[in-house]
Amino acid sequence: MNKSYGFIEIVGVVAAMDAIDIMCKAADVEFSTWERKLGGRLVTLVIEGDVAAVTEAVEAAKAQAIKKPVCSAVIARPHEEIVKMVELSQKRWKK
């Protein structure tokens, strides 16, 4: 498996949309899913791609987003349970 996941948690939906735009333009990554917590005050964005592209995209969002992300992470070769969690989240948004 060459898939990697990148995660950014940021405050606010508008800031999240800005961050995902930055990430998708900065590198060859795909938006995977998102989660909203606390009524949308905290938004977790998940992207996927190869580890170099995901790292580049996450770093670009951290540097350029209109709000500083609360936290971020890159997971190279995610464990199958992480993949299941992301897929479960994706199913909630796909119809």
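**Entry 1**

I began with Ile 10 and listed its contacts, leaving out residues up to four places away in sequence. Ile 10 touches Ala 15, Ala 16, Ala 19, Arg 41, Leu 42, Val 43, Ala 65, Lys 67, Lys 68, Pro 69 and Val 70. A reminder to myself: this is a predicted model.

Next I asked which residues of the largest nonpolar core touch the most other members. Ile 10 is one of them, along with Met 23, Val 29, Leu 45 and Ile 47, in a core of 21 residues. I then looked up the elements that give two or more residues to this core, and they are strand 1, helix 1 (13–26), strand 3 and helix 2. There is also a second, separate core of five residues, and I noted Tyr 5, Phe 7, Val 46 and Val 86 among them.

I traced the strands and found an open sheet of four, in the order 2-3-1-4, with antiparallel pairing. Strand 2 (30–37) and strand 4 (71–76) are the edges, as each pairs on one side only. From one strand to the next, the twist averages 15 degrees.

I then followed strand 1 (residues 4–11) along strand 4 and found six bridges, in the antiparallel sense.

Which strands does helix 2 (residues 51–64) lie across? I found strand 1, strand 3 (42–49) and strand 4, with helix 2 running at about 10 degrees to strand 1. Helix 3 (residues 80–93) also packs on the sheet, where it touches strand 1, strand 2 and strand 3. The direction of helix 3 makes about 80 degrees with that of strand 2.

**Entry 1: helix 1 against helix 2**

I checked this pair next: the axes are 8 Å apart and the packing angle is about 135 degrees. Angles over 145 degrees would count as roughly antiparallel and 65 to 115 as roughly perpendicular, so helix 1 and helix 2 are oblique to each other. Their crossing is right-handed. On the helix 1 side the contact uses Asp 18, Ala 19, Ile 22, Met 23 and Ala 26. Helix 2 brings Glu 56, Ala 57, Val 58, Ala 60, Ala 61 and Gln 64.

**Entry 2: Arg 77**

I stopped at Arg 77, in the loop between strand 4 and helix 3. Its phi is near 50 degrees, a positive value in a residue other than glycine. Most residues other than glycine have a negative phi. Is Arg 77 buried or exposed? Arg 77 is exposed, with a relative accessible area of 66%.

Conventions
Residues are numbered from 1 along each chain as its sequence is written. This is a predicted model: local features need pLDDT of at least 70, side-chain atom pairs count only at pLDDT 80 or more; totals for chains, interfaces and linings use all residues. Side-chain values use heavy atoms; hydrogens and water are left out. Two strands pair if DSSP finds at least two bridges between them. Axes are lines fitted to C-alpha atoms, for helices over the stretch in contact, and angles run from 0 to 180 degrees between N-to-C directions. Contact means heavy atoms within 4.5 Å. A nonpolar core is a set of buried Ala, Val, Leu, Ile, Met, Phe, Trp, Tyr and Cys residues joined through side-chain atoms within 4.5 Å. Buried means under 20% relative accessible area, exposed over 50%, partly exposed in between (1.4 Å probe, protein chains only). Angles under 35 degrees count as roughly parallel, over 145 as roughly antiparallel, 65 to 115 as roughly perpendicular and the rest as oblique. A crossing is left-handed if the near helix is turned anticlockwise from the far one by less than a right angle, and right-handed if clockwise.
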